[in-house]
Amino acid sequence: ILMWLGFHDDLADPDASDPVLRESTRLAALAPIGGQSCIHMPTLFKWFEVESLIEHSGGRPLFGIKHRDPVEWTGELDALARDASPITHLTRDDPPCYMVFGRNEPVTPTSPPGLWVHHPMMGIKLKEAMDRLGLECHVDYPGGPKIEGYASQIDFLLKKLR
């Protein structure tokens, strides 16, 4: 939710009678740990170079699919998954991001969902997309590229929020 809110257009309603609803939803900086930049399964299959992944238990409730119902990848589900994926909302005015992940282990069709859901690839692909837009993005994981300018994720936040 953090990245979706951070990259989504401002949801403020300037005409609302409630002053809280008039407040901007834009964030100054993002610092997710194990953040999921995409939940669009066809995209994830490409990123991980697999034809399938073990289903994560959070997907069905997110889209209102009952536990026993088969998942049919319809145009509606495709559109919902794209809209729910933070990476699809990137624009040139988005805030800087510093993501932290665990090890960059290979993902296979039999990998546990916790591995691919919180995999460094989520940050790597987000960084590529943010770099194309000229946005600041750092992806910190064991064995990954050295982060220049920040000692840690906390250092990043302290510098961005001062």
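This is a predicted model: local features need pLDDT of at least 70, side-chain atom pairs count only at pLDDT 80 or more; totals for chains, interfaces and linings use all residues.
Me: In what order do the elements of the chain run from the N terminus on?
Reply: The chain holds eight helices and two strands. Its C-alpha atoms fill a box of roughly 45 × 45 × 25 Å along the principal axes. Read from the N terminus, the order of the elements is α-α-α-α-α-β-α-α-β-α.

Me: Which residues are the closest to the centre of the largest pocket?
Reply: The largest pocket has a volume of about 790 Å³. A total of 30 residues line this pocket, and the closest to its centre are Gln36, Ile39, Gly59, Leu62 and Phe63.

Me: How many nonpolar residues does the lining of the largest pocket have?
Reply: Several helices share in this lining: H1 (2-7), H3 (41-48), H4 (59-63), H5 (75-84) and H6 (113-117) each supply at least two residues. Divided by class, the lining of the largest pocket has five polar residues, three charged residues and, as the number asked for, 22 nonpolar residues.

Me: Which element gives the most to the lining of the second largest pocket?
Reply: The second largest pocket holds about 160 Å³ of space. Its lining includes Ile124, Lys127, Cys137, His138 and Val139. Helix H7 (120-132) and strand E2 (137-140) each supply at least two of the lining residues. With three residues, the element that gives the most is E2.

Me: How many charged residues are in the lining of the second largest pocket?
Reply: Among the residues that line this pocket are Tyr141, Pro145, Lys146, Ile147 and Glu148. By class, the lining divides into six nonpolar residues, one polar residue and, for the class in question, three charged residues.

Me: Are H3 and H7 roughly parallel or roughly perpendicular?
Reply: The axes of H3 and H7 come within 11 Å and cross at roughly 95 degrees. Angles of 65 to 115 degrees count as roughly perpendicular. Therefore the arrangement of H3 relative to H7 is roughly perpendicular.

Me: Which residues make the contact between H3 and H7?
Reply: By class, this contact of H3 with H7 has five nonpolar residues, no polar residues and one charged residue. Helix H3 takes part through Leu44, Trp47 and Phe48, and helix H7 through Met121, Met122 and Lys125.

Me: How many residues apart in sequence are the parts that the pair of Tyr98 and Tyr150 ties together?
Reply: The count of aromatic pairs comes to three. The pair of Tyr98 and Tyr150 is edge-to-face, with 6.4 Å from centre to centre and 85 degrees between the planes. Because Tyr98 lies in strand E1 (residues 97-100) and Tyr150 in the loop between E2 and helix H8 (153-161), the parts tied together are apart in sequence by 52 residues.

Technical notes. Residues are numbered from 1 along each chain as its sequence is written. Side-chain values use heavy atoms; hydrogens and water are left out. On a 1 Å grid over the protein atoms alone, a cavity is a set of points where a 1.4 Å probe fits but cannot get out, and a pocket is an open set with protein on both sides within 12 Å along at least five of seven lines; lining residues have an atom within 4 Å of a point. Grid points are joined across faces, edges and corners, and a volume is the space filled by probe spheres set on the points. Helices (H or I, at least four residues) and strands (E, at least two) are DSSP runs, numbered from the N terminus. Ala, Val, Leu, Ile, Met, Phe, Trp, Tyr, Cys and Pro count as nonpolar, Asp, Glu, Lys and Arg as charged, and the others, Gly among them, as polar. Axes are lines fitted to C-alpha atoms, for helices over the stretch in contact, and angles run from 0 to 180 degrees between N-to-C directions. Angles under 35 degrees count as roughly parallel, over 145 as roughly antiparallel, 65 to 115 as roughly perpendicular and the rest as oblique. Contact means heavy atoms within 4.5 Å. Rings of Phe, Tyr and Trp (its six-membered ring) pair if their centres lie within 6.5 Å; planes under 30 degrees apart count as stacked, over 60 as edge-to-face and the rest as tilted.
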